[in-house]
Amino acid sequence: MTTGTTTRLRRALRREIPSTVGLLADERDFAAMRRYRTFAFDDHPTYLKEVEALLRTLARQGTHTTVTLFDPDEYASYCAETGLDPDRPASRSRFTDHLATTGARVTYTGQPLTALLPELVDTAVRRATWEYATTLLATLGDCADCGRDLGRDALDRATRLLLALLDGAGPGTHHLVCSVPAAGDHLLAVLHSTHDEHGTHHHDPAAATEFAAVLATGLALGSPGGLVLRATRPGRRDRLHGWRLADGDLAPLTEAEVFAAYCTDARTGEPLPPEHGVDHRAGFPLAPDPDAHRPGHH
């Protein structure tokens, strides 16, 4: 076999091997890594420029590449648990490989870093929110009276409520936001969905699962959260609907309450001008859920 043939075959083989790039997304994380002698970069902008150049090179070679967030604190803990020296490139490589199966990641498709970074951070936040919500639901245990799993029960109810909201909004594109205070934290979930003329809903199943988990957390804890839905159809004005989470249930807001929620600055309390081309509507009634107020079900 000639040298040229060997080189060609090795290049072909490299294209078969996926690659993962661990990215230090902000200045604080970058500064934390500079304490390691073997970390080669001095400033964050140059680091980001080189990462983007690497991603382009991998793409030109036909390599499937994913990008994941490299967290210095998690890295230090990982090295302590595994006995690795954190001041070695091989240790950073092993941690990045670990993140490829456990961390939030985004596939690189040639998008500029200015677009990839916000997508990656949003993916990480969504994943952390889902993990927090599902962990909280899993720790609720069983109902002392009926023996049912409280977390599973709340998740089933939340799934039914989500379908009722999407059905009630009718055909069009829907943007839903659910906000729930929980155990000193604040959970936020967003879902984009399209409802076609045949009554079929089209959305990302993972996003729907995350949304249901956050809503379920609010239902299970009886948190005073809220849910808003924006409905869009071509040739019509957008509609804004709202509901409040109270006592483990989802109750419609009045038209005036929806208007006040959207037209008040949450930080200052000052009024805001209403958005042009948008109607503020009361939350539409949802069919009673048989599990909403189960006697003795806490």
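Strands β2 and β3 pair antiparallel over three bridges, where strands are DSSP E runs of at least two residues, helices are H or I runs of at least four, both numbered from the N terminus, and pairing takes at least two DSSP bridges between two strands. Across this pair, T66 sits opposite T107 in β3. This is a predicted model, with pLDDT of at least 70 needed for local features and 80 or more for side-chain atom pairs, while totals for chains, interfaces and linings use all residues. Residues are numbered from 1 along each chain as its sequence is written, and side-chain values use heavy atoms, leaving out hydrogens and water.

The whole sheet is open, with three strands in the order β1-β2-β3 and mixed pairing. β1 and β3 are the edge strands with a single partner each, so one side of each has no neighbour in the sheet. On average, neighbouring strands here are turned by 25 degrees against each other, direction ignored.

## Helices on the sheet

α5 lies across β1, β2 and β3, at about 100 degrees to β1. Helix α6 (residues 113-138) packs on the sheet too, touching β1, β2 and β3, and its direction makes about 60 degrees with that of β2. For these angles, axes are lines fitted to C-alpha atoms, for helices over the stretch in contact, and the values run from 0 to 180 degrees between N-to-C directions. Contact means heavy atoms within 4.5 Å.

## A closer look at α5

S91, R92, F95, T96, L99 and A100 are its buried residues, buried being under 20% relative accessible area with a 1.4 Å probe, protein chains only. They pack against β1 (19-23), α2 (27-33), β2 (65-69), α4 (72-82) and β3 (105-107).

R92 is the curious one: buried, but without a salt bridge (a Lys or Arg side-chain nitrogen within 4 Å of an Asp or Glu carboxyl oxygen). The nearest side chain of opposite charge, D87, is 4.5 Å away, counting Lys and Arg as positive, Asp and Glu as negative, and leaving out His and the chain ends. Leaving aside residues up to four places away in sequence, R92 touches M33, Y36, T38, F39, F70, Y75, P86 and D87.

## Strands β4 to β6

β4 (residues 172-182) and β5 (residues 185-195) run antiparallel, joined by 11 bridges, with L176 opposite L191 in β5. β5 also pairs antiparallel with β6 (residues 201-202) over two bridges, and T194 stands opposite H202 there. Five residues separate the strands in the β5 and β6 hairpin, where G199 takes a positive phi near 85 degrees.

Terms used: Buried means under 20% relative accessible area, exposed over 50%, partly exposed in between (1.4 Å probe, protein chains only).
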